[in-house]
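Subject: Structure for you to look at

Hi,

Here is the structure I promised to pass on. Have a look at it first, and my notes on what turned up follow below.

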Amino acid sequence: MKVNGVQRAAPDDTRLLLSDHLRQELGLTGTHVGCEHGVCGCCTVLLDGAPVRSCLMLAVQAEGHDVTTIEGLARDGSALHPVQQAFHECHALQCGFCTPGFVMSVVGLLAQHPHPTEQEVDEGIAGNLCRCTGYASIRRAVTRAAELNSSPHVGKSGPKGRDGA
Amino acid sequence: MTTRWFGAPVQRFEDDRLLRGHGRFTDDFDEGALECCFVRSPYAHARIRSIDATAARAMPGVIAVYTAVDLPFGGVDLPLLIPHPNLTHGRTQRCLASERVRYAGEAVAFVVAETRYLAEDAAELVEVDYEPLPVVITPEASSRAEHLVHDDVPGNVAAEMLQEVGEVGKALREAPHRKRLKFRYERAAASPMEGRAVWARWSAGDRKLMVYDSTQSPTSIRGGLAVLFGLPESNVEVIAPDVGGGFGPKIMLFYPDELLVPYASMQLGRPVKWTEDRQEHFTAVNQERGQVHEVEVGFDAEGRVLALSDDFIHDGGAYTPYGIILPIISAAQVPGPYRIPNYRVRFRDMYTNATPTSPYRGAGRPHACFVMERTLDAIAADLHLDRIELRRRNLIQAGEFPYDVGVAWQDGNTVVYDSGDYPTLLDKAIANLGPKPAGDNVGMGIGIYVEGTGVGPYEGAHVQVLVSGKVVAATGIPSQGQAHATVWAQVVADELGVDVGDVEVTSGDTRRFPWGVGTFASRGAVTAGNAMHVAARMVADKAKHIAADHLEAAVEDLELAGGLVRVKGSPDRGIPLGAVAVLSNPVRYAFGGGTEAATQFAARPREGPPLRDGEQPGLEATGYYSPPGSTWASGCHAAYVRVDPKTFRLEILKYVVVHDCGRVINPLVLQGQIEGGVAQGIGGAFYERLAYDGDGQLRNASFMEFLMPYATEIPPIEIDHIETPSPLNPLGVKGAGEAGVIPVGAVLASAIEDATGIEITEMPLSPLRLFELYRLMER
């Protein structure tokens, strides 16, 4: 399988979940495990560009596929991906545990619906649980991400932080 | 203070690494750690006849299996955190049960293996022979003492407490109107997205224990581990790294794993890690909210409450590790923002065969608010009075502060509201709510609450200016998403006159700050926020004293601004803070700026030695803040809902919040706290129900059936603020973390009752429960 563009060997242990494989074998701990039964969405990654629950897949099932994790969205040191940037601007994360799953779901959503309606936003993120934000800021972030996607040079709002964002 | 950053919507410094997947949650630490799995009781009440771990121990890949007899502390009762004279029959569990289990999910054995997969396999091989015993699950059944949870606790009563302000009996007898009401609030679960986790590494060579713990109180964990293992505290470091939500249950300590994981590492000489799975989170992590209240209220023809008597039982669960804080808070918070001249409250804390209880966001308050607000709605209905007008007549007025309620508070003092303006909250909420939407089956609900926040005893902070001019700050309390790294930077930056981005904050790491209590009870901003302010001000004073010599100016004529200590009115006469840091430490820095400006040859020579008596090197200070009493935040929520008359589906048409937490440090962060709190309240009121059956089994211990709301269930929340600064602390702040959740049950009950005509006296609701209540009403 390819993970974030790099060819990786499949694990020997056939019962290893994809989520555990990413976290434990490949050290990609940005993919989080919140329920291990496919409801919370914390472990969402892209499989060939579409969001999937990595806790509901065996790692060996990903053989021959392209997996993108949160670490694969923006290279270290480079600017955030527009969806990540929108989450930052809109205070769409608090504890940050559900965040990678949300970001991956929104990347998938915007790939399908570049300009989602309110209902498409709600439905697009309705496979992910967040206990901190109450979702309002996440909705705002999806709309903002769609804006950033369509005009990547849109100025950023709000006072500057340490990271210049 | 320049107040340049305080109050500004500064975007968070935490975000970048969390968004890139570079957060560090406890389960992300590895270093070849062994992994663990618990064997937990499947019975809510049983006698343990025998435990046989032979087969598990023999399994390849298994390193150790611990039962109570294998532990030097196996016979020790876990701590009772907050003893109270009224808690006459406090009981705590042991790390691993060996004779009796009293709730389904109680830990019995602990398996350590090379991987979690193997540990889970081995846990299934541990044979425990149980003799099931009869259970009591509801607080009502417990109060009837149908069965005893603890053989030596008569009537299952852990504690009883009676308080009276005024003369309730007389006032009730003389009241023109009287009414009796009964309210039932069920248990609820906080359910943070990250469950609990502990990672530990024992270094035998230097006898040091290092622990990562998804806790709300690393300092307390450190103290407890040091005592238990006979180590000086300086040999134990506990870090709450990124914590994936807390909401209360992570303030509980000690959970068994918090002892077993470090112990296993000390025994086995390898790092050891345990990460909870979601199913065990549902039964092994403390819950809250179960209470049954019987109220008698006396009132006059205008709807003024003359006397209120509340007699309630509290579902404490199988043990009382957290004392009786929850029912004490409920008892204190029933009167809320209303003037109740005669108030009597009695509670009994009941043992049940269910998971123990300790605070969950709101902690005793949502149920208290529900009791008061439902009572007011019932009075309004009796007298055919407008619900809003009735509340206006009973509210404490803005000129009445400080307002002494006269009942006991959780910090040992009595409840005294420090400041507030409740009528304005109500007026703004009604104005913001606007006219009722057209259509059938629409109802309006309202609820007003107060919240005691910022309880002591204290928090502290360390602030240091580096020779680079950057600032580092640290406090003992950890963050579970409350943006400590951002809001404390705002507080510190203002005092030191530096850019907020130049302040780097560490929280919840005993290596950086070993003293403190924890993040709970909406206390972070008040306690740690003011400690940051105190410490930063000490640093600013020190900087002025050092710079005064250098600038040949009087200390009173200096100010900190733009990263400089400079003479007021002469901005060109200044010295960078980094250079002052160099001056503060009379050694030479080979790297970094400031040395040139700070050289002894550049400044007027000082008399005496470089460090005078009483002076300390370094441009740093440690400060503490200890509140004289709680700060009382408040708010008013109002909503319009529509309830489908056939399916009883709930649609929240509009939801408004007016909130008062004193001075606001960061409106972005505050908005997030309120929005999240309301969402959690909506979940708790209409979707999430812990479905215990008569045998004490939680029948819906998964997210498949315990229905936490998704975005599709949460409406937009419109938030407005007023600010009545607290007179009790230098920053004028009050807590805000729990506020959003408190009145939601009361508001939705009021609105649903208004929409449907179904009398609502219980929480949580659901479409099914509304249908059942409708059928009962029709009969």
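Let me start with a sheet in chain B. This is a predicted model, and in it six strands of chain B line up as an open sheet with mixed pairing, in the order E7-E15-E14-E13-E8-E29. Its edges are strand E7 (157–165) and strand E29 (762–763) of chain B, each of which pairs on one side only.

Inside that sheet, strand E8 (residues 177–185) and strand E13 (residues 291–299) of chain B run antiparallel and are joined by nine bridges.

Helix H9 (residues 325–333) of chain B lies across E7, E13, strand E14 (305–317) and strand E15 (343–351) of chain B. Relative to E15(B), H9(B) runs at about 160 degrees.

Now chain B as a whole. Its secondary structure comes to 19 helices and 29 strands. The C-alpha trace of chain B spans about 95 × 70 × 45 Å along its principal axes. For 779 residues, a compact globule would have a radius of gyration near 28 Å, and chain B agrees with that at 28 Å. Buried residues make up 60% of the 779 in chain B. Taking the contacts in chain B with a separation of 6 or more, 80% are between residues 24 or more positions apart.

On to chain A. It has five helices and five strands, and along the sequence they follow the pattern β-β-α-β-β-β-α-α-α-α. The radius of gyration of chain A is 16 Å, close to the 15 Å that the globule rule gives for 165 residues, so chain A is as compact as a globular protein of that length. The C-alpha atoms of chain A fill a box of roughly 50 × 30 × 30 Å along the principal axes. Of the 165 residues in chain A, 60% are buried. Contacts between residues 24 or more positions apart are 63% of those in chain A with a separation of 6 or more.

Chain A divides into domain 1 (2–72) and domain 2 (82–150), with C-alpha centres 20 Å apart. Here the contact takes 15 residues from domain 1 of chain A and 13 residues from domain 2 of chain A. On the domain 1 side, strand E3 (44–47) and strand E4 (50–53) of chain A each supply at least two residues, and E3(A) gives the largest share with three residues. By class, that side of domain 1 of chain A has eight nonpolar, seven polar and no charged residues.

How many of the eight residues of helix H2 (residues 82–89) of chain A are buried? Eight of the eight are, so H2(A) is largely enclosed by the rest of the structure. Among them are Pro82(A), Phe87(A) and Glu89(A). The cover over the buried residues of H2(A) includes helix H3 (99–112) and helix H5 (136–150) of chain A, together with H1 of chain B. After H2(A) comes His91(A), with a positive phi near 50 degrees.

That brings us to where the chains meet. In all, 48 residues of chain B are in contact with 50 residues of chain A. On the chain B side, helix H1 (15–19) and helix H17 (667–687) each supply at least two residues, and the largest share, seven residues, comes from H17(B). That side of chain B has 22 nonpolar, 15 polar and 11 charged residues.

Cheers

Methods:
Residues are numbered from 1 along each chain as its sequence is written. Chains are lettered from A and ligands numbered from 1 in the order in which they are written. This is a predicted model: local features need pLDDT of at least 70, side-chain atom pairs count only at pLDDT 80 or more; totals for chains, interfaces and linings use all residues. Helices (H or I, at least four residues) and strands (E, at least two) are DSSP runs, numbered from the N terminus. The radius of gyration is taken over C-alpha atoms; the globule rule is 2.2 Å times the number of residues to the power 0.38. A residue is buried if 20 or more other C-beta atoms lie within 10 Å of its own, exposed if 12 or fewer, and partly exposed in between; C-beta atoms are placed from the backbone. Two residues are in contact if their C-beta atoms, placed from the backbone, lie within 7 Å. Two strands pair if DSSP finds at least two bridges between them. Axes are lines fitted to C-alpha atoms, for helices over the stretch in contact, and angles run from 0 to 180 degrees between N-to-C directions. Ala, Val, Leu, Ile, Met, Phe, Trp, Tyr, Cys and Pro count as nonpolar, Asp, Glu, Lys and Arg as charged, and the others, Gly among them, as polar. Domain bounds come from an automatic or database domain assignment.
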